[in-house]
4 protein chains.
Amino acid sequence: MEALFESTTEIRVRYAETDRMGYVYYGNYATYFEVARVEAIKKLGLSYRALEDSGIMLPVLQYSIKFYKPAFYDDLLKINTRITLCKGTRIVFDYTVLNEDGQVLSQADTTLVFISAATKKPIAVPEILLSALSNV
Amino acid sequence: MEALFESTTEIRVRYAETDRMGYVYYGNYATYFEVARVEAIKKLGLSYRALEDSGIMLPVLQYSIKFYKPAFYDDLLKINTRITLCKGTRIVFDYTVLNEDGQVLSQADTTLVFISAATKKPIAVPEILLSALSNV
Amino acid sequence: MEALFESTTEIRVRYAETDRMGYVYYGNYATYFEVARVEAIKKLGLSYRALEDSGIMLPVLQYSIKFYKPAFYDDLLKINTRITLCKGTRIVFDYTVLNEDGQVLSQADTTLVFISAATKKPIAVPEILLSALSNV
Amino acid sequence: MEALFESTTEIRVRYAETDRMGYVYYGNYATYFEVARVEAIKKLGLSYRALEDSGIMLPVLQYSIKFYKPAFYDDLLKINTRITLCKGTRIVFDYTVLNEDGQVLSQADTTLVFISAATKKPIAVPEILLSALSNV
């Protein structure tokens, strides 16, 4: 799928994120992807924190990941993030995680929904985000 | 899909697991499911720790989750875990998370692969596990 | 020091909580102690969640821990929690972590301060807590 | 106390690290300090990962922290790390966490012990580290 926007984030694996197999614990990738999509939004000129402070929440509706190879302590991971859909009340990101040798470690995607903090109901994608995406 | 084995696990949401939305952070469900499948294996009369100590690793190959409603601090979650496939080199678990009111909060599944710690290659499902499943 | 109240909590070590040394990651004990003090408060007949919902926050001011022996995956830890002080605007808990063999793994203490969510200023220990402690 | 070595690390607060108070969860600072001391060791020309791979473990013996002000989501924290002692079998780090306005949020220290992975016994501080510290 063609992306509306692409961005790359580097993340150094922390000791806390490994498990007794010596791998990055599988649950910790969700945090990496959150960091990656927040950076993508920053590169679009927006701030996720400001979005929340303005009364818009963006919880995750769906998350899916495939693991091909493990990541290890102190690895410098590269996460390629793509916004593949942003319409209605939703935004979809997909992610590819690579290690320093360029090997693909995992691939994932998340669907998030825009929610009004006041009503807890879904709302349309904010105009400021649509506008930022159309100016890429 | 019919399950080979079913098990229920209760998990109390910890403060550390919430985020500033007041929800359980979406990444933390992976930990809940790990707890749930380890308990399922215990109820089958096996020990995941003993499995690892005997040289068998069981990393996650694939993980997928859908979120319907958030979980909150101090909620007592009920996780229904089902083993839906266990053959070749893989085992598949699916999970349904419910709150105390019986509302379904999320549904997920994981595929794990049996690996030899020595060779790092996939190996067949251990006989002891197949035997436990066939005696359910 | 004599305790105002004592309570015991059992915690099973999760895979996510181990690190590549095979030990429980040192940062994760803070979560165990939070679980332990919330249980202590429950045993006093109160609810930490209800406290927060009534507009009282209880952030940690100080935390200190000594490690004697590591904890491992799947260990069933016993945490002995004692409230050693509760006056003015503060409450002090101390904790001893033991493994299944009764070995002391670590000892810790935390000081927390009662804060008004509205003003973000320290407030006196709630009467309901003082009353529960005096009826122990 | 005069420092043997000083280093500064910047850490962006992740969403996963906040709690329902909106603060960085108190347990997550331990991870920040681990990142900070690993960076300090890197700046000394050494690698903590290589140290471990050579059979030396460095578990934490003691950790203590005082909290003055909370950190919030997306804050760019500055951690000033100082090695204040490195002799016998131990190394002591102290840490000061500041926010972007230069406010001191917390202060902490950790004592770590060098352990042989083979014997699990304390060993002398590696020569390569003493040498690096004396050439600062």
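## Exercises on the contacts of chain B

In this predicted model, the side chains of R20(B) and E52(A) meet in a salt bridge, with 2.8 Å from N to O; a salt bridge here is a side-chain nitrogen of Lys or Arg within 4 Å of a carboxyl oxygen of Asp or Glu. Residues are numbered from 1 along each chain as its sequence is written, chains are lettered from A and ligands numbered from 1 in the order in which they are written. Local features need pLDDT of at least 70, side-chain atom pairs count only at pLDDT 80 or more, and totals for chains, interfaces and linings use all residues, while side-chain values use heavy atoms, with hydrogens and water left out.

**Exercise 1.** Describe the interface of chain B and chain A.

*Solution.* Begin with the residues: 26 of chain B are in contact with 26 of chain A, where contact means heavy atoms within 4.5 Å. Next take the buried area, which is the accessible area (1.4 Å probe) that two parts lose on being put together, summed over both; for chain B and chain A this area is about 2200 Å², and carbon and sulfur atoms give 54% of it. Of the area that chain B buries against chain A, 27% is supplied by R20(B), M21(B) and Y26(B), more than by any other three residues. Finally, count the polar terms: the rule finds 4 salt bridges across this interface, and there are 12 residue pairs in polar contact, both at pLDDT 80 or more. A polar contact is a pair of N or O atoms within 3.5 Å; within protein, one must be able to donate a hydrogen and the other to accept it, and residues adjacent in sequence count only if both atoms are side-chain atoms.

**Exercise 2.** Characterise the contact of chain B with chain D.

*Solution.* Each chain is taken in turn: 9 residues come from chain B and 9 residues from chain D. Since 100% of the interface residues of chain B are also interface residues in chain D, the copies meet through the same surface. The two chains bury about 940 Å² between them, 66% of it on carbon and sulfur atoms. For the polar terms, the count of salt bridges is 0, whereas 4 residue pairs are in polar contact.
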